[in-house]
Amino acid sequence: NVTAKMNETADALYNSGWFRGRPELSLDSNDSGGAILRVVVQENPRYTGVRLTGNTIYTTERLVQEIEGAPGAEGAGAMLQKGEVINAKKLVAALDRILAVYHAGGYVGASYQDWSYRLVPPDEGLVEIILTEGVVEEIIVTGNDKTKQTVIDSQITHMQPGKVLTRYDLEQDVNDIYNTGLFEAVNPELEPSLVEGQVKVVISV
């Protein structure tokens, strides 16, 4: 089926990450009785730089290395290079590398809120990334049907609302709750908050 093949090709081109919209494919007949495949694409802009917001723990210069590579490396390890067409798949991979920096540092609540790139001058090709570092909004305890809330709260001494969540603080408080001997298991989970840049910590006992 020619139409199905053309749709598959259009999808494959779009999923390559080089184009801002799904390419349009059409077949036109030529004078010799054959067909001409026409492909209309909207290429992504050329990368001109990045604007990071929301980062306080790591400097912008440090995080940009996960996108552009280390200074003086002449593009080695870069996901995007200035002057080259933006590839959305490589950009997402760069975002994952930025989050890996945070997670390696123990900041388990870090994520990115949004990303985009400018399509029109004067900022055409500028990538904008909004980071969230995982500030604790609230700590919720569930499953404590017999134990008083105050007993559990007394063991939560590391995590605090308004403070950036770290793996160390989370593990310390979970272990302290478990070490009371009152619970068979203590399981923490992170849930998104309606407040931008924040997370909820839910502890099930």
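Contact here means heavy atoms within 4.5 Å, and helices (H or I, at least four residues) and strands (E, at least two) are DSSP runs numbered from the N terminus. The model is predicted, so to speak from a sequence numbered from 1 along each chain, with local features needing pLDDT of at least 70, side-chain atom pairs counting only at pLDDT 80 or more, and totals for chains, interfaces and linings using all residues. Side-chain values use heavy atoms, with hydrogens and water left out.

**View 1. Helix H3 and what covers it.** Buried means under 20% relative accessible area, exposed over 50%, and partly exposed in between (1.4 Å probe, protein chains only).

**View 2. Arginine 97 reaches for glutamate 66.** These two form a salt bridge, with the closest N and O atoms 3.4 Å apart; the term covers a side-chain nitrogen of Lys or Arg within 4 Å of a carboxyl oxygen of Asp or Glu. The pair links distant parts of the chain, with arginine 97 in helix H3 and glutamate 66 in helix H2, 31 residues apart. Glutamate 66 counts as buried at 13% relative accessibility, while arginine 97 is partly exposed at 28%.

View 3. The side chains of glutamate 128 and arginine 51 meet at 2.7 Å, N to O. Glutamate 128 lies in strand S5 and arginine 51 in strand S3 (residues 49–53), so the pair ties together parts that are 77 residues apart in sequence. Glutamate 128 is buried, with a relative accessible area of 18%, and arginine 51 is partly exposed at 37%. Both belong to a salt-bridge network that links Arg51, Arg118, Asp123 and Glu128.

View 4. Aspartate 28 and arginine 38 join their side chains in a salt bridge (2.4 Å, N to O). Aspartate 28 is in strand S1 and arginine 38 in strand S2 (residues 35–40), so the pair ties together parts that are 10 residues apart in sequence. Leucine 27, also in S1 (residues 24–29), is partly exposed at 44% relative accessible area. Val2, Leu27, Leu37, Val39 and Val41 make a nonpolar surface patch of about 410 Å².

**View 5. Leucine 80 in its loop.** Leucine 80 is found between H2 and H3 and counts as buried at 3% relative accessibility. Leaving out residues up to four places away in sequence, leucine 80 touches Tyr47, Ile67, Glu68, Ile86, Asn87, Lys90, Leu91 and Val127.

Conventions:
Patches are made of residues with over 30% relative accessible area and no salt bridge: like charges are joined within 9 Å, nonpolar side chains (Val, Leu, Ile, Met, Phe, Trp, Tyr) within 5 Å. Accessible areas come from the Shrake-Rupley method with a 1.4 Å probe; for residues, only the protein chains shown count as cover.
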